[in-house]
Amino acid sequence: MASNSAKSFLADAGYGEQELDANSALMELDKGLRSGKLGEQCEAVVRFPRLFQKYPFPILINSAFLKLADVFRVGNNFLRLCVLKVTQQSEKHLEKILNVDEFVKRVFSVIHSNDPVARAITLRMLGSLASIIPERKNAHHSIRQSLDSHDNVEVEAAVFAAANFSAQSKDFAVGICNKISEMIQGLATPVDLKLKLIPILQHMHHDAILASSARQLLQQLVTSYPSTKMVIVSLHTFTLLSASSLVDTPKQIQLLLQYLKSDPRKAVKRLAVQDLKLLANKTPHTWSKENIQALCECALQTPYDSLKLGMLSVLATLSGTIAIKHYFSVAPGNVGSSPSSSDLVKLAQECCYHSNRGIAAHGVRVLTNITVSCQEKDLLSLEQDAVFGLESLLVLCSQDDSPGALSTVKIALNCMVKLAKGRPHLSRSVVDTLLTQLHSSQDAARILMCHCLAAIAMQLPVLGDGMLGDLVELYKVIGRSATDKQQELLVSLATVIFVASQKALSAEVKAVIKQQLESVSSGWTVYRIARQASRMGNHDMAQELYQSLLTQVASEHFYFWLNSLKEFSHAEQCLTGLQEDSFSSALSCIAESLKCYHKGIASLTAASTPLNPLSFQCEFVKLRIDLLQAFSQLICTCNSLKTSPPPAIATTIAMTLGNDLQRCGRISNQMKQSMDEFRSLASRYRDLYQASFDADSATLRNVELQQQSCLLVAHAIEALVLDPESANFQEYGCTGAAHADSEYERRMMTVCSRVLEEVGSLNRKYAPVSYMRYFFQKLQSTSIKLALSPSPRNPAEPIAVQNNQQLALKVEGVVQHGSKPGLFRRIQSVCLNVSSTLQSKSSQDYKIPLDSVTNEMEQRVEPHNDYFSTQFLLNFAVLGTHSITVESSVRDANGIVWKTGPRTTMFVKSLEDPYSQQIRLQQQQAQQPLQPQPQPRSAYTRF
């Protein structure tokens with residue numbers, strides 16, 4: 001799982017050659033820092049963030065920041081500014097500084113400079129370090145003192161530092177609140193400084209008393225300073241404080257609605273709308289029916305389209321949350337009016353056909369959300385209004401190619417998908433509208449409509465046949481240009497056709513697609529269409545397209561990748577020949593499929609590289625091969641009851657062994673082996689699931705489905721064959737296909753026939769398999785780097801430790817992300833499992849207690865800023881060489897454990913401590929008997 005795009009520092013074995021790479025890079029930058037030229041010094045400073053990203057472990061980061069602190073202490077202001085920027089860019093690495101006191105000491109020494117600019121940069125530096133020094137009293141004192149400075153640059157820097165420390169430290173926030181209040185209310189403070197001081201109050205949310213005092217101050221400011229800028233800044237700070245403290249949020253909503261309704265200034269109204277949108281996103285449950293009603297009245301009365309657009313955006317956000325149910329709820333004892341008569345619905349109906357596209361889009365969003373959310377109410381008229389509004393909006397915007405029109409089209413299409421899912425009886429009219437507009441729209445809008453059609457057809461497959469004809473006709477006349485939009489449209493339309501055809505393309509449709517691809521498409525477009533065909537189960541089409549691309553790639557890895565996909569598609573296509581009543585044809589189809597699969601896995605292995613090992617793909621295909629082999633073996637086992645019935649002495653053998661299943665002969669053992677094999681496959685599918693942390697939800701559902709199918713067959717074998725008492729055999733008729741000497745044998749043959757039918761139905765249901773998105777495309781990338789200390793310079797050398805001491809093993813790790821971190825799931829905590837086993841025991845022959853031969857420990861740590869660290873105490877009482885294995889797994893926000901790795905191994909050699917060795921040797925010498933002195937040989941000694 002670990003990324004290989006950059007050399008890892010202290011990865012796997014820790015120190016060694018990779019540390020030299022990190023040290024050489026640090027020494028190179030240190031050489032630049034010591035240069036006498038200002039340009040080289042600045043260049044070295046600005047290259048430090050890249051160094052931190054490449055080697056993100058504390059041992060290097062601590063050294064690097066200490067060097068930067070020295071530059072900050074002795075350099076000029078420009079170098080100090082560069083160091084400040086590097087510190088702000090590397091904020092998540094600050095916690096890895098080990099010598100925080102020394103680092104802060106070097107930085108803080110500049111605060112006593114006579115240069116106000118140097119002091120200002122130092123204050124900003126301290127503010128950037130607030131996350132690691134929140135309670136440093138000397139920093140607190142310097143900030144308070146600098147707020148009274150006569151230099152504007154220093155005061156602004158103090159304001160920046162005060163804001164950062166207020167967010168991190170409760171003590172500082174409590175102490176600075178009165179100071180900020182005095183400065184804001186003081187007549188000597190300039191207005192522009194007051195505007196910068198007010199936002200500090202948004203961080204006064206550490207407790208209810210502090211938040212209440214800050215809120216009272218803001219309330220006074222809004223009343224005492226009615227200027228536009230002051231009201232805007234105070235109201236926004238008011239909103240942020242309420243959102244953070246979760247105190248008095250309903251009062252803040254009422255205050256914003258009051259300004260929106262009564263304040264004549266357009267800027268204030270605009271800010272009120274923006275803050276209402278923020279609160280609607282964060283706390284929709286705090287909105288009452290009266291709040292929504294007041295917002296509707298304001299939107300109905302305002303003459304400004306921009307304000308109406310903002311208010312409708314707030315209402316559209318609320319209409320998709322629990323607030324809409326609060327709005328239409330009826331209090332006990334009251335008779336509720338029809339939803340269609342409410343001001344919200346009237347506003348939405350009025351705005352659906354507005355000349356402004358944005359207002360119309362939010363109007364249909366509100367109507368759609370009301371229609372979908374209020375399922376228990378009779379909303380026939382609202383349903384029609386929503387459908388008509390979507391149709392008109394689509395007609396209006398699909399002819400325009402501007403970005404604003406396309407964003408409106410996206411809103412309308414999302415509403416169509418939601419409407420078709422929530423109200424299935426409206427899906428036919430929605431699909432007809434889309435098919436009609438496809439012929440006359442711009443290419444960019446056509447692509448979005450194709451995505452919408454595919455989403456609807458996936459939810460409601462019955463609509464596929466009705467749209468297939470129009471789609472094929474459109475594919476014929478789609479255009480002859482090779483522009484990017486045309487190529488994207490070819491892929492989108494082909495995807496909808498694959499979804500609508502439900503895994504069975506006619507020869508005419510395939511001919512139309514291939515003819516269009518031959519005329520205008522590029523190789524990349526053909527590959528994308530083939531990929532979509534594989535994902536949707538159209539393997540015959542995919543095989544032909546992959547075959548046409550084999551000669552168009554320049555890399556042998558790409559060739560082997562395409563060749564493997566071609567073989568996999570051919571293998572799945574062979575399974576479409578499975579017939580219900582022909583067992584021999586089923587075996588031949590599976591055999592032919594396995595032949596293609598073995599060719600494909602060989603090509604897939606050749607396509608893998610160290611940077612792209614294709615581990616998921618290889619494991620999934622191996623599981624598919626083993627699954628088909630298991631089905632083939634099960635069919636042969638079921639047939640063997642007819643071809644090789646039990647021997648005549650089977651009953652005697654069963655009575656002798658005390659096992660009734662032996663009456664059926666060897667088929668009982670074969671069935672047990674098949675059951676164990678399917679359970680083993682299910683376990684392997686579970687392991688693949690747990691190792692696919694970055695996979696999308698559809699891929700995980702596919703893997704889980706394969707696992708459940710294996711468990712289903714294993715359970716069927718156990719319940720119907722190996723444990724016949726639990727099955728109701730009377731519901732199965734006697735097949736009479738083979739001669740049976742006993743009622744039990746007749747039951748067994750019936751059961752085996754039933755199992756065979758179930759196997760056949762499973763094959764027909766799940767074969768051909770659809771290759772999921774993760775097989776082709778990885779949208780999320782997450783990797784973990786581990787560093788162990790102590791660790792040897794050479795990974796093969798063991799670490800020496802005495803057997804009467806414990807080894808303190810420190811495990812550090814860094815979580816690395818791709819371009820879209822947390823797209824599907826995020827890491828909540830990392831589970832570290834450390835185990836040790838004795839590899840080779842010491843050859844010395846003496847007794848040692850064997851109570852601590854192995855170690856097994858597990859700890860769970862939560863990464864902060866993608867970094868985690870913990871320690872283990874390991875005991876090695878047995879002399880010899882021990883192997884330590886550290887394996888990491890992750891736990892997501894839902895509590896699911898994913899076995900992502902990596903797995904790191906190191907060796908420890910346990911040596912006997914000198915004192916014990918000396919005592920043992922003395923004891924051995926004392927236990928040896930005294931040797932008798934040899935006497936001289938004489939005639940007397942012989943007798």
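**Strands, helices and charged pairs in a predicted model**

In strand S1 (residues 782–789), the residues Thr782, Ile784, Leu786 and Leu788 point one way and Ser783, Lys785, Ala787 and Ser789 the other way, and all are buried, where buried means under 20% relative accessible area, exposed means over 50%, and partly exposed lies in between (1.4 Å probe, protein chains only). The structure is a predicted model, in which local features need pLDDT of at least 70 and side-chain atom pairs count only at pLDDT 80 or more, whereas totals for chains, interfaces and linings use all residues. Residues are numbered from 1 along each chain as its sequence is written, and side-chain values use heavy atoms, with hydrogens and water left out.

Because 8 of the 8 residues of S1 are buried, this strand is largely enclosed by the rest of the structure. Strands (E, at least two residues) and helices (H or I, at least four) are DSSP runs numbered from the N terminus, and two strands pair if DSSP finds at least two bridges between them. By this criterion S1 is joined by 8 bridges to strand S3 (residues 806–817), the two running antiparallel, and Ser783 has Gln816 of S3 as its bridge partner.

Strand S9 (residues 903–911) has a covered face, made of Thr904, Met906, Val908 and Ser910, and an uncovered face, made of Arg903, Thr905, Phe907, Lys909 and Leu911. With strand S2 (residues 799–802), S9 pairs in the parallel sense over 4 bridges, and Ser910 of S9 is the bridge partner of Val801. With strand S7 (residues 880–892), the pairing of S9 is antiparallel and extends over 8 bridges, His882 standing opposite Val908 of S9.

Helix H4 (residues 58–74) has 17 residues, which at 1.5 Å a residue should span 24 Å, and this agrees with its end C-alpha atoms being 24 Å apart; the expected span is 1.5 Å times one less than the number of residues. Among the buried residues of H4 are Pro58, Leu60, Ile61, Phe65, Leu68 and Phe72.

Side chains of opposite charge can pair when their charged atoms come close. A search of the whole structure finds 30 salt bridges, each defined as a side-chain nitrogen of Lys or Arg within 4 Å of a carboxyl oxygen of Asp or Glu. One of them joins Arg106 to Asp70, with the closest N and O atoms 3.0 Å apart; this pair links distant parts of the chain, since Arg106 lies in helix H6 (residues 100–108) and Asp70 in helix H4, 36 residues apart. Arg106 counts as buried at 18% relative accessibility, and Asp70, Arg73, Glu102 and Arg106 are linked in a network of salt bridges. Lys92 forms a salt bridge with Asp866, the closest N and O atoms being 3.6 Å apart, and here the partners are 774 residues apart in the chain. Lys92 is partly exposed at 38% relative accessibility, as is Asp866 at 22%.

The structure holds 0 disulfides, a disulfide being a pair of cysteine sulfur atoms within 2.5 Å. For Cys589, the closest cysteine sulfur, in Cys574, is 7.2 Å away, which is too far for a bond. Cys589 counts as buried at 14% relative accessibility, and Cys397 counts as buried at 0%.
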